[in-house]
Every structure is written in C-alpha cells, then in structure tokens.
Amino acid sequence: MLKNYFRVALRNFWRNKVFSAINILGLAIGISSALVIYLIVQYDLSFDKFHKDGDRIYRVVTDIKFAGEPFYNSGVTDPFAVAARKEISGIELCSNFYTADDIKVVIPNSTSEKQGIFRKQKNVTYADEYYFKLFPFYKWIAGNTQDPLKAPYQTVITESRARTYFPGLDPKAVIGKQIIYDDSLKTSVSAVIRDPEEITDFTFREFISMATMDANHMHNEEWGSVTSSNQFFVKLAPNQSIAKLNSELSALLKKNNKNEQTSSTNYMIEQLQPLSDIHFNDHYDNFGQRLAQKNTLWGLSLVAGFLLLLGCINFINLTTAQASQRAKEIGVRKTMGSTQKQLVFQFLSETLFTTLIAAFVSAIITPWLLQIFSDFIPAGLHFDLLNQPQLILFMIALVLVVTLLSGFYPAMILSGFRPVLVLKNQAFGGTAKTRRTWIRKTLTVSQFVIAQFLIMATLAVTKQIHFTLSKDLGFKKDAIITMRIPWNNRKPDPNRDVLLNEINKMPEVQLASLAEPPASTNTSSRTIKYKDGKKEIETDVQLKYGDTNYLSLYRLKLLAGRNIQESDSEREYIINETYAKILGFNNPEDAIGKMVGEDKKIPIVGVVSNFHQSSLHTPIKPLAICSAKNNTYSISVALKSSNGDSKNWQNAFAKMGVVYKRLYPEEDFKYDFFDESIAKFYKSEQDISRLLKWATGLAIFISCLGLLGLVIYTTNLRMKEISVRKVLGASVRNLITLLSTDFIRLVIISFFVATPIAWWSMNKWLQNYAYRTELSWWLFPLSGFIIILIALLTLSIQTFRAAVANPTKALRSE
Amino acid sequence: MLEFKGISKWYNVGGNKTYILNNVDLIIREGEFVSIMGPSGSGKSTLLHIMGMLDEPSEGYHYFMGQAVHLLKEKQRSQLYKQHIGFVFQAYHLIDELTVYENIETPLIYQNVKTSERKAMVADILDRFQMVGKKDLFPTQLSGGQQQLVGIARALIASPRLLLADEPTGNLNSKQGEEIMEIFKKLNNEGVTIIQVTHSEKNAGYGSRVINLLDGRIS
Ligand SMILES: Nc1ncnc2c1ncn2[C@@H]1O[C@H](COP(=O)(O)OP(=O)(O)OP(=O)(O)O)[C@@H](O)[C@H]1O
Ligand SMILES: [Mg+2]
C-alpha cells in the first residue's frame, strides 16, 4: 500500500512542479537552519557532560562587593584551598590548580624545530596531586599513573605535547626527560596521557606538580587577594546542602581574612558554582576558554523554529488551497472502501515524501548555511552527516516533526471530504470553504508577522549599533593605533623611551604617547579614600596611565587645573567629572589641589570632561589619570591624516615594526586601530545583527514563496473571470489591483500585529544599554513599507502575467 | 437481498423540510436487474447512494443481506459495502493520477488483498475486458467508453454481489452504451444483482424490472 501511496505522491509532485518546488525550498531552508543551529546548541550544551559524578562537582568562586560595586572572580585566595581541605566537612574530593598563561618552556638538547624554546605556551597548569582523582577521565599512556604530581618538579604532559617537545620519541622514552619552565623550574616528565577527545573546557596539555610552586614559594600567602588563576574544584559527598556549604566556605574565608572590614557594601564571599554552569556563566571566566551564552542559544533556536514554521505554513497553505483538485480522488477512494484513517495516512506519507526530498536538499545546502552562521560556530564543530549518527537521528526526528506539523491539518481537511458531496460536485459549497480560507489567511498573516518582526528588530539593532559607533565618546578615536610593550623586570625599561622617541620622530606620526587607550575592555581600578573633613568617601576608581601627551593625543578636554607632570610612579591625578561630583565638587575648580588616598596622599591637579571608558552598556565610572611610567605597558600613536593613501601608514607601521623587533627581539610586533578595538566591544551586537539580517532575509524569502504559490493558485482559478473582465474593458492595472488587494490586505494586518510586539521587545532589548538610541516611530512604517513593496513585487510576477494573458485562450477552453 | 422500509431523505432549506425521498418501500431480490427511472431531480441518485451506503437516509429502515444497516456503525457499514457492493458512475470517476491497472487494483488494496493475489485478479479482469494493452495508460489517455469499461472493471474486481450504476452510459454514444449494457446483461446472468439509474427506455429494457421515481416517491 505504501508503494501505491508513494507512486501517487510522485505523480502529484511532478504534476504541480511549481508548488512542489516552493514547498521543498521553504522546508529545506527551515530544515537546514534547524540542523545548523542544532549543531551549535548541541555542541555547547555537551561541554563537560561526561564527568563521573559531574552533578556533584563544583568550582569554588569568589564574589566580591567593593564600594558597593560587585566583582566576580572564578578563583579563590591562595591559602584557601589548603585550609578548606582540612576544615570543611562534606567534601569528598577536591583539587586545586593554578593556570599558567604564556609560560616559557625550554627543552634541553632538543632536536625540535624551535631548538627546544617555546616562548608562550598555553594550556599549562600547576595542579595538585588530587587533580587526576577528581577528573579521572584522562587516559594514561606511560609513566607513573598513581601519583605523578605528588613530588615537586614533576610534569604530566599529553601525547601531543610529547610529540612537540620530543619529536620522534616513544611516550615511554619521554618519561624522565627534562622540561624547564620560565628558565628556572627544572621539572621531569612523570607521565604521558592521551589528549582528551571529550568536549571539555579543561584543555590543559601540561600539568606541573603544585608541589613545585610550594618549593619555590610562588604562593601569595595573603588571604585578601583573589586571582582567577587559582582554581579550586570540589566534589561534594552525596546530599549536601549547597547553601550550608556556601556559608561554611565564606565563614572560613572571613575567619582568616582578619584585616578586612566587612559591611553590606564591602565583602568577599565564596560560592559553589556547578560544573554545568562553567561553560555559560559570564560572571566567571573559564580558564580562558570561550564562554557560550544561553541567551544566544535560545535566540538561535527561536530563529530556527521560526524558519521551520514558515516552511510548514507554506506547505499547509498550498496543500489546502489545492484541495479541490484532490477532492475527486478522495471521493472515489472512499467509495472504493478507503477509511478516513487510511486517507490520512496516505496524505501524511505524501507529506513525508516532500519532506524527505527537502531534507535531502538541505543536506546539500547546509554547508553553505554554515558559512552564514560562521561567526556563531565554535571552532571544534563539524558537519559530517555520515560520521555523526546522532545528527542523522536528529534529522529523522526533524523530518517526522515537520511531516506531522505540515501534513496533519491538510490531511484532516482532505480526508474529511464526504464522498457523496464530492461525487455530486458540492464539496466546496457552504461553510467548509470559508472556514478553510479563514485559516489559510491567518497562517499567511502569521508568516508575515514573523517576517515583519524580524525586519523591525533588524532595523532597531542596526540603529543602536550605528548609535554606539557614531556617538561622541568624549575622545578622539580615528587614526590612532595602540600597541603593547612587554612586561619587563628592569625598571625603568630604557627600551620603551627609545621606542617612543623613534616613533615620535616618524614623519607620518602626529604624536606618540606612553599611554593606555582611554577605553578598553579590561580596566584596572582601585579603592581610593577621601576625607573631606566631616565624612570619609570611599570610591572604586578606574586608573588610566598616560604621559604628558595623553590629553592632547586623545583630545580629552581639561575642565579645570593643569596637565599631569611626567613621573615614574603615581604622583598626581587628573580625575573625571563623575569622580569630582562623587567627591562633592559640582564646580570642577573646587577639586583642584585636594588630596586623596590614605597612606600616600596624592593631589588632584586637573579635572577632565567625562568620556566613555568602556562599552555603552555601562555608565561612566569615576576615573583618575596619572603618569606612572614604570606601570605603563602600552603606547598610543596618533597618525597624520593619510589623505586616503594608506601606503603612508603602511610605511610607518613597517618602520615601527623594525624598531620594535630590534628592541624586543623575542616579541611579535602587533598593533590595533583604536576605532576597531572600540567596534569590537560590540562584537555580540554585530553578530546578532548579522544573524538577524540573514534570518530576516530567509524569512521574507520563504513567506514570499508562499505568497507566490497562493497567488499562482488563485489566478489560475480566476483565469476565466479575469478574461471576462478583460473582454469587458478592464485595464492591466485594474486586474493587478483586483488580484493583489486580498493579499496586500493580509500583509497590512500583519503589520499591525507585528508593530506592538516588536516595539515592546526592542524596548526591552535596548534596556541593556546605559546609553541607547531612540526607537523612532518611523522605524515601524518603514519596515511595513519594505515588506509591502516586496510582497507587491512578488505578487506582480504572477498577477502581471495573468493580466496580460490573451483572454480568448481561457474563454475558448470552457 | 435489499429492503427499504419507509426510507425518507430531506434537507432543511430555509427552515422547511424539503423531501428528496419520501417514505420509500422497496424490495430487491438476489439476481434481479433493476432500472430506476424518473425525471431529473426526482431523487434517483440519492436513492442509489443510500442503497450503496454512501449517504444516510434521514429516516427509515434499511436491510442489506440480512443486516439492519440503519443500526450499524460507520465502520461496519463501510466493511459491508466494501465487500459486497460495486459502483459505476456516469462520470467514470477514475483517479487521474493512477494508471488503468492501478485504478482497478485500488479496491483490493483497501480490502487488504495480498500483492500476488491482486496481480492475478487484475490480470484476469483486464483479460476479460480485453484491456491488457491499455493497462499502463492513464485515464486521460482513454476514450469515454474505455474509461467506463475501466470503471466497471474496477467495480467488479472484488466480485461484489450487488452492482450499483448511476447513468453508466450517460456520457457515451449509443454504440458504446450498448456494449456496456451487454456486459451488464452477462454479469446479471452470472448472478450479480444490478441496480442502474437510467434515462433510456432502451437501456431499461435490458433489465428485469423498472422502478419509477417521481418527486421522491415510487409511482
Ligand atoms: N444538499 C442538498 N440540499 C438541498 N437539496 C439537495 C441537496 N442535494 C441534493 N438536493 C436536491 O435533491 C434533489 C434530488 O437530487 P438527485 O441527485 O437525487 O436527483 P436525480 O434524480 O439523480 O436527478 P438527475 O436525473 O438530474 O441526476 C434535487 O432536486 C437536488 O436539488
Ligand atoms: Mg442523478
């Protein structure tokens, strides 16, 4: 029987080629986007899901409130882990490790290509002896598998690192070989493990025993300072109360952290962060790995759902519109003894047939879609249907869901025809028809509501991005580059003066300054106290280091006082308006000469007008600029206008590179355009905007395909009417209007439905910004205008053809 | 074989009952060849549809092969007519998407006949109607008379005891019509009960009895 159904399906498919193509294209786009987005979502959701007892593993993180301002740190203070192991009950296992970034590795007598010197190795950590017990998923290849990290100067490395450091050596032969870290820690390899293949944020490739740190007094014994490098993971005994442990851990910290006074605006507490939260929570970093945003994943899923829905709606609309063509077949089949159930089954299998073809098409276009979404696609993700059985399962499930979603309603409608009525040609009299067209209209309106919503959202997001990028941030940002100078033990570092001088002498350079950019993602800040006689004002103040050229290079406006004087360490401050106001000086002049700070009093010598130190998400914070040559590790360079000839600048960059390399031979010369760095603050917005544009384009495309299908159908039905009207003297324009009005009315209705929804949700989205654009009223009519124009163009493809067709043709065939 | 007692059918048109069939009593015996005649709109098709259980009467008792049809559930009724009744229509009502072969095969599919058996049965009937050469054509590629032959072959494929035909020759020329009537005659001789609606006295002459309908009543 199935064979029979499929045969009919195939013949119907060929008979209505245009409709079939529309259905398949719409469904294929929906299925492919669902596939791609499933890949992304599934990938991010499977991070660190494989750990044994993973639901009982937590990371201890530190939440800080500092002058009322919250800070979140993924680590603990140095002595905390050891104390917690001894004093806290309810912990079954725990491990402490210390991430070491950009560590220098030297392999003595190496034959590797870099002569055994690796300057900035990543994925290296100092781990205690419990690490491999808490995370037993590593597979051992050679060496001491019991306690490889117990003794000082031991290192466990993965197979891939072993190959890099000791090319050509068997893992067994690597055991006992020497690895020197930071020119001073001489360790030997105690074990080799396999590189983990699981999807995990634990990407460490080298584990130095924590005892090595102890032996070299590398710990900071203070209880008051937290670093995210110092990670502490615990596995709780079963059935522990998280709240109780949180307070016990915090109490342990408070007990030891004696010199810190706590209040409701100043405190430091410990929290247990579930392992499953680590890949997503952007409060805490992730040993430098990429964090996924659950909101983005939701948004993506929603987009996929929308596109799928649009494809299904096309199918439903076109199938029910064509129902009359199938009515006779249904009537006959029923008189031949078919039950309604069998008919439903038949139509569902026809839908399945269409969906399967769509799925096949989508397997072909998915790689192309992957390109579109490439900004959202994590590096470790691949599309390979043949080798991802779980993907095939998802595809099958998707095909079934889509089949039911788009096939069920038409199947019920079609199989519900009463044979007598059909055989007497009355199936389309009365109420059945009006009800069906009503549903079809509703579905079309919903399609265009989705499309309109997406257009409005795209316009709003684009407007906000434009606003953020073109807003006067309070400083100059064009034609400026920034570069970093390496951290150096020798203070002062004479090379930086040489570099600065040489750059300043270049003809292409307007001005160079030993200065941090005024806006950046990572800021340093400090609590500064000020006594104004009566009360004490304690504020968290951001610090910017810059030399005497800072203000003029970035065109910061001095409201009162004078420029800073050059100094090796902090000696005087220029503060911003916000800080001046907090200190109680409404008139900037009044702040000049006041002393702030506790142990070391520092005078305020100037006040600058406010500028935005970070993205527009956050408000302007109190800030102080000071000259401290020894603590400044960046150079800002203002270039002379290139007059459109980028060769000039390229020239200058090349010369800077030569000087830089001469002074710092171990470093690579890198520079960033300041305006590009600022645009990067809004990377997630740019990503959203790109995604929205594509989603909008696809949604409009699918919806218009559906519209085209419906108008082809109705013009075919009304061909005779059109011909008669034409013979009676109707113009082409009259006819196009006649045929388009009904559809355009639906699009207009969808505009009125979409507008309040879009207005509400975009307002909500804009709340994320401390500084935001207006949701101007014209945005909405504009999007309505765009969609009506597109709809009219789509309709005209068919209506025009019908209107200019030779009327005698249609009339003769009657 | 078939008995109607007080069968009526009405529609509510503007609040008034309009009777299509009015209190029809009727008995048809196994092996009869009955022709129903009457002016257009007198209710012939309606009567035939009710006999074939495609339509339900508004009132009355309906017996078929000893079963009280008016008491049966939809499913049982469909089971009953699937097995015992074949239909032939004036407009043939072949499925355009299916070939001749597949059209004839369709009723067997719905009766869950095995593929191998189906093949044999269809081959058999194609042979009998001398249409083996046409089995892969689609209905639109056949003449009206040929289409009606397919329609009859389809109605007969499951060996029904009762054949209902609504103006089977209405769309055919007289020569084609005669052929069809000859086939009916032969079938009737083989024991199939036939009830046909016809406007032609000549066609009615092939049958053993004529029922005249006028305004929904048997006259
Ligand atoms: N749904 C309906 N509502 C109202 N009246 C109906 C309906 N269906 C059929 N009729 C009426 O029932 C009457 C009988 O119809 P029927 O098709 O049985 O006539 P007929 O005798 O077969 O006519 P013909 O010779 O033209 O085929 C007609 O007058 C028709 O208008
Ligand atoms: Mg009739």
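Visitor: How far from an oxygen atom of ligand 1 is the polar side-chain atom of K44(B)?

Guide: Start with the rule: a polar contact is a pair of N or O atoms within 3.5 Å; within protein, one must be able to donate a hydrogen and the other to accept it, and residues adjacent in sequence count only if both atoms are side-chain atoms. In this predicted model, a polar side-chain atom of K44(B) is 2.7 Å from an oxygen atom of ligand 1. Backbone atoms take part as well. A polar backbone atom of G41(B) lies 2.8 Å from an oxygen atom of ligand 1. For a backbone N or O atom of G43(B), the distance to a ligand 1 oxygen is 2.9 Å.

Visitor: What should I know about numbering and confidence?

Guide: Residues are numbered from 1 along each chain as its sequence is written, and chains are lettered from A and ligands numbered from 1 in the order in which they are written. In this predicted model, local features need pLDDT of at least 70, side-chain atom pairs count only at pLDDT 80 or more, and totals for chains, interfaces and linings use all residues, while side-chain values use heavy atoms, with hydrogens and water left out.

Visitor: How many residues surround ligand 1, and which are closest?

Guide: A residue is near a molecule or strand if one of its heavy atoms lies within 4 Å of it. Ligand 1 is surrounded by 12 residues, and the closest are S40(B), G41(B), K44(B), S45(B) and T46(B). The ligand lies between chains A and B.

Visitor: What is the strand order in the open sheet of chain B?

Guide: Strands (E, at least two residues) and helices (H or I, at least four) are DSSP runs, numbered from the N terminus. Two strands pair if DSSP finds at least two bridges between them. In chain B, four strands form an open sheet in the order β2-β1-β4-β5, with antiparallel pairing. Its edge strands are β2 (16-28) and β5 (67-68) of chain B, each pairing on one side only. Nine bridges join β1 (residues 2-13) of chain B to β2(B), in the antiparallel sense. Within that pair, K9(B) stands opposite L21(B).

Visitor: Where do side chains point in a strand?

Guide: In a regular strand they alternate between the two faces of the sheet.

Visitor: Which strands of chain A does β9(A) pair with?

Guide: β9 (residues 178-181) of chain A pairs antiparallel with β4 (residues 103-106) of chain A over two bridges. There, V105(A) stands opposite Y181(A). β9(A) also runs antiparallel to β10 (residues 185-193) of chain A, joined by four bridges. Q178(A) faces S188(A) across that pair. The hairpin of β9(A) and β10(A) has three residues between the strands, and D182(A) takes a positive phi near 50° there.

Visitor: How is empty space found?

Guide: Rolling a probe the size of a water molecule over the atoms shows where empty space is left. On a 1 Å grid over the protein atoms alone, a cavity is a set of points where a 1.4 Å probe fits but cannot get out; a pocket is an open set with protein on both sides within 12 Å along at least five of seven lines; lining residues have an atom within 4 Å of a point. This model has two cavities of 30 Å³ or more. The largest cavity holds about 110 Å³. Its lining has 16 residues, with K82(B), I85(B), G86(B), P107(B) and A155(B) nearest the centre.

Visitor: What is the volume of the second largest pocket?

Guide: A volume is the space filled by probe spheres set on the grid points, which are joined across faces, edges and corners. For the second largest pocket, the volume is about 1,800 Å³. Its lining has 42 residues, and K120(A), R484(A), I485(A), P486(A) and W487(A) lie nearest its centre.
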